[in-house]
Amino acid sequence: RLAMLGFTIGLFPVSGLAAAAAALASVYTTLRTTGTSPGPGGHLLPIPELHALMGMNEVNAFDERWAD
């Protein structure tokens, strides 16, 4: 529809926030109803993927470089 109006790109800045909010609501609902967080296979990133997304390898490398 935007292309028909002459636009070549559309920005949807809140889409990621809305998806994250839905994921948070799902995890917190599970936590509230079951007393624990979703396990593996749930809607959670595996820890290595989470660390990669957060840039933890770079943080750890920085810490090692500048440690006393």
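1. Read along the sequence, the protein chain runs α-α-α. That is 3 helices and 0 strands, taken as DSSP runs numbered from the N terminus (helices: H or I, at least four residues; strands: E, at least two). The radius of gyration is 19 Å, well over the 11 Å that the globule rule gives for 68 residues, so the chain is more spread out than a compact globule. The radius is taken over C-alpha atoms, and the rule is 2.2 Å times the number of residues to the power 0.38.

2. This is a predicted model: local features need pLDDT of at least 70, side-chain atom pairs count only at pLDDT 80 or more, and totals for chains, interfaces and linings use all residues. Residues are numbered from 1 along each chain as its sequence is written, and side-chain values use heavy atoms, with hydrogens and water left out.

3. The C-alpha atoms fill a box of roughly 60 × 40 × 20 Å along the principal axes. Of the 68 residues, 4% count as buried (buried is under 20% relative accessible area, exposed over 50%, partly exposed in between; 1.4 Å probe, protein chains only).

4. There is 1 aromatic pair. Phe62 and Trp66 are tilted, at 6.4 Å centre to centre and 50° between the planes (ring centres of Phe, Tyr and Trp, the last by its six-membered ring, within 6.5 Å; under 30 degrees is stacked, over 60 edge-to-face, the rest tilted). Phe62 and Trp66 sit 4 residues apart in helix 3 (residues 56-66), so about one helical turn separates them. Both Phe62 and Trp66 are exposed.

5. Leu53 lies in helix 2 (residues 47-54). Leu53 counts as exposed because its relative accessibility is 65%.
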